[in-house]
Amino acid sequence: METKTNQKILNDEEKLKKLKEVIEKYKGTKGALIPVLQEAQSIYGYLPLDVQKKIAQELDVPLSEIYGVATFYSFFTLKPKGKYQIKVCLGTACYVKGAASILEELKEQLNIGVGDVTPDLKFSLDGVRCVGSCGLAPVMFINDEVYGRLTPDKIKGILDKYK
Ligand code: FES
């Protein structure tokens with residue numbers, strides 16, 4: 001994601017400066033909340049609580065409303081993502097071919113749950129809908145890399161490449 005590039009380049013101060021610019025740009029505009037949250041997420045990679053508070057204060061919107069919007073739309077995330085974002089397809093074809101056991105193996109290997117990130121921020125784990133590679137089911141992505149015809153015993157070797 002392009003957000004990762006921003007994350008690397010910008011330090012905290014620069015991120016805050018950018019966030020302020022975004023808020024200024026939309027302040028007073030109707031329906032400002034979603035675009036502000038989208039831009040904030042592209043600056044930070046996710047929506048930290050401090051950022052939600054700042055937006056609430058500046059746009060004069062209750063924090064509960066921001067939380068509601070951020071949890072309603074699946075493209076918003078309240079948790080940081082890992083350097084390597086693992087996405088396991090849970091679409092029907094993948095499910096039938098054993099996606100659940102792939103997900104279980106990943107949870108065990110990484111010691112995290114779905115939607116979580118490892119404490120060193122290296123890996124995050126998510127389930128996603130059909131990614132259009134049903135012929136390769138079951139499928140997972142690690143960032144842009146696709147892995148197909150997976151079996152649980154292949155997972156450790158794949159993860160080792162990223163460690
Ligand atoms: S169901 Fe997994 S790629 Fe289509």
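Here are a few notes on this predicted model.

1. Overall make-up. I count along with the assignment here: the protein has eight helices and four strands. Going through the sequence, the order is α-α-α-α-α-β-α-α-β-β-β-α.

2. Dimensions and packing. Buried residues make up 22% of the 163 in the protein. As for contacts with a separation of 6 or more, 61% of them link residues 24 or more positions apart.

3. Strand pairing. β1 (residues 84–89) has two partners worth a look. With β2 (residues 123–128) the pairing is parallel, over six bridges; Gln85 is bridged to Ser124 of β2. With β3 (residues 140–142) the pairing of β1 is antiparallel, over three bridges, and here Val88 has Met140 as its bridge partner.

4. Helix α3, length. This helix covers residues 33–44.

5. Helix α3, burial. Which residues of α3 are buried? They are Val36, Leu37, Ala40, Gln41, Ile43 and Tyr44. Looking down the axis of α3, these buried residues fall within an arc of 155°, so they line one face of the helix.

6. After α3. The residue that follows α3 is Gly45, and its phi is positive, near 90°.

How values were computed
Residues are numbered from 1 along each chain as its sequence is written. This is a predicted model: local features need pLDDT of at least 70, side-chain atom pairs count only at pLDDT 80 or more; totals for chains, interfaces and linings use all residues. Helices (H or I, at least four residues) and strands (E, at least two) are DSSP runs, numbered from the N terminus. A residue is buried if 20 or more other C-beta atoms lie within 10 Å of its own, exposed if 12 or fewer, and partly exposed in between; C-beta atoms are placed from the backbone. Two residues are in contact if their C-beta atoms, placed from the backbone, lie within 7 Å. Two strands pair if DSSP finds at least two bridges between them. The expected span of a helix is 1.5 Å times one less than its number of residues. The arc is that of the directions from the helix axis to the C-beta atoms.
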